[in-house]
Protein chains: 2
Amino acid sequence: MAGESVWLRPRRQERQTLTLDRIVAEAVALLDTEGEARLTMRRLAERLGTGSTTLYWHVKTKDDVLDLALDAVFGEVPLPDGPSGLSEPGGWRARVSELAGAWRAAMLRHPWSTGLLDRPMMGPNALSRTEFLYATLAGAGFTGPDLAAAAFSLSMYVTGSATMQTRERDATDAAMRDHLRARHAAYPTLAAHGLDHDWDETFARGLGYLLDGMTTRSGR
Amino acid sequence: MAGESVWLRPRRQERQTLTLDRIVAEAVALLDTEGEARLTMRRLAERLGTGSTTLYWHVKTKDDVLDLALDAVFGEVPLPDGPSGLSEPGGWRARVSELAGAWRAAMLRHPWSTGLLDRPMMGPNALSRTEFLYATLAGAGFTGPDLAAAAFSLSMYVTGSATMQTRERDATDAAMRDHLRARHAAYPTLAAHGLDHDWDETFARGLGYLLDGMTTRSGR
DNA sequence: GGTGTACCGGATCGCCGATCCGGTACACCG
DNA sequence: CGGTGTACCGGATCGGCGATCCGGTACACC
């Protein structure tokens with residue numbers, strides 16, 4: 001675009017230093033619009049108006065960028081009020097459900113996040129959500145092995161659910177349905193019942209199973 | 001580029017020494033010993049005593065290799081006996097537990113598999129295990145939304161659990177524990193209770209929660 | 001005016017996935 | 001037995017990648 005005049009162009013931000021936060025934010029935006037495969041250090045640098053090598057001043061490897069981007073997603077998950085209060089009995093269930101729902105929603109907003117789940121979730125945002133979960137469940141009466149099992153079950157459920165839903169959306173639905181229907185002899189039950197269901201409802205119902213089972217053991 | 005996956009394409013005739021099965025088996029071995037990052041078409045070809053370009057006769061892209069390798073892992077999961085029989089009430093619970101345990105074990109034997117979970121699990125081995133799950137749950141009395149929720153909950157639980165355990169093992173335990181303990185002020189409950197637990201027991205206990213909650217709804 | 005330090009980027013290295021295109025072995029037909 | 005098609009193989013190559021080397025530049029502070 002040579003014809004563009006200076007006056008119509010936003011003035012180039014002088015002295016706008018490249019910060020880690022800007023890099024991460026742009027990485028998230030790039031992942032959102034183009035997906036994980038298209039995230040390269042060169043492309044990311046280009047979007048930031050800089051050279052690719054410059055990024056390595058702020059970051060050691062590309063994996064750092066991915067780790068930070070993943071934790072940024074977790075940062076979008078609001079923490080419910082009253083984390084560990086013993087307010088009314090059963091209040092823990094509402095708070096846990098709220099966290100699980102918000103957590104799932106954040107991951108679905110950034111589908112690439114499910115592909116990054118194999119790697120330690122040790123960022124501050126991930127840890128503080130996990131801490132909230134532990135604290136809430138501990139306040140509900142879970143202790144020892146029950147506490148660990150309850151917390152992990154919920155995490156597994158949320159992340160596993162987001163992964164499955166994302167995956168299904170990626171598979172071009174039509175092709176998959178045709179494929180399944182064409183093999184309904186080999187997979188009769190699956191072909192008959194596995195295709196049409198509402199993800200939101202399935203998630204909520206399964207979460208209900210899990211929480212029901214946990215309630216029996218919690219005592220409160 | 002996206003549309004069709006390996007499963008939808010007719011399998012190419014193979015008669016010579018290099019077969020698709022050999023490629024997949026070698027890919028699994030390579031992934032087991034060196035991890036996903038080290039799986040390269042060149043390296044894989046070298047292990048097979050051939051040139052890298054030859055692989056592309058049997059396979060369209062590298063993703064095909066990964067899809068096939070993942071399905072090979074699922075093929076290691078034995079199907080419990082009597083998939084859909086209505087034998088004794090509650091028998092479905094034992095069969096579902098058995099499948100879940102074997103499924104988890106297979107994924108833990110091949111830790112790289114958890115990193116491939118974001119992609120359609122449409123291979124024959126994955127589908128037949130899912131079919132078994134659906135059939136068993138349908139035989140237990142689940143229908144409609146309850147069937148979908150029960151089946152998905154269990155899948156999410158198994159895959160999510162394998163992912164979390166694998167991830168934790170990758171993170172050099174010592175570093176992670178130090179990191180958490182150093183921040184016990186920010187994450188008190190997590191630092192106090194989140195470190196020491198037996199994965200097998202945590203898995204079994206959480207699965208118990210889920211199955212308990214499901215039992216209430218199943219009627220049998 | 002000098003100097004240290006925080007930041008930037010052109011050039012380059014080794015490796016990757018993928019493709020082009022010319023080969024080779026062998027079944028099958030005349 | 002000789003020809004021919006088809007299934008299979010791989011050297012050379014292309015564009016792109018993550019990462020590093022090392023020489024620059026702007027600015028705070030003395």
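**View 1. Residues around DNA strand C.** Here we zoom in on DNA strand C, which has 16 residues around it; Leu18(A), Thr50(A), Gly51(A), Thr53(A) and Thr61(B) come nearest. A residue is near a molecule or strand when its C-beta atom, placed from the backbone, lies within 6 Å of it. This is a predicted model: local features need pLDDT of at least 70, side-chain atom pairs count only at pLDDT 80 or more, and totals for chains, interfaces and linings use all residues. Residues are numbered from 1 along each chain as its sequence is written, while chains are lettered from A and ligands numbered from 1 in the order in which they are written.

Helix 3 (52-58) of chain A, plus helix 2 (41-47) and helix 3 (52-58) of chain B, each supply at least two residues of this surface. Helices (H or I, at least four residues) are DSSP runs, numbered from the N terminus. Sorted by class, the surface near DNA strand C has four nonpolar, nine polar and three charged residues. Ala, Val, Leu, Ile, Met, Phe, Trp, Tyr, Cys and Pro count as nonpolar, Asp, Glu, Lys and Arg as charged, and the others, Gly among them, as polar.

**View 2. Helix 6 of chain A.** This helix covers residues 124-139, and its first and last C-alpha atoms are 22 Å apart, close to the 22 Å expected. That expected span is 1.5 Å times one less than the number of residues. Twelve of its 16 residues are buried, among them Phe132(A), Leu133(A) and Tyr134(A). Buried means that 20 or more other C-beta atoms lie within 10 Å of the residue's own, with C-beta atoms placed from the backbone. After the helix comes Gly141(A), with a positive phi near 110 degrees.

**View 3. Helix 6 of chain B.** Twelve of the 16 residues of this helix are buried, so it is largely enclosed by the rest of the structure. Arg129(B) and Glu131(B) are among the buried ones. Gly141(B) follows the helix, and its phi is positive, near 110 degrees.

**View 4. Where chain B touches chain A.** On this side, 57 residues of chain B are in contact with 54 residues of chain A; contact means C-beta atoms, placed from the backbone, within 7 Å. Helix 7 of chain B gives the most, with 18 residues. The side of chain B that touches chain A has 26 nonpolar, 21 polar and ten charged residues. 91% of the interface residues of chain B are also interface residues in chain A, so the copies meet through the same surface.

Conventions. Contact = placed C-beta atoms within 7 Å.
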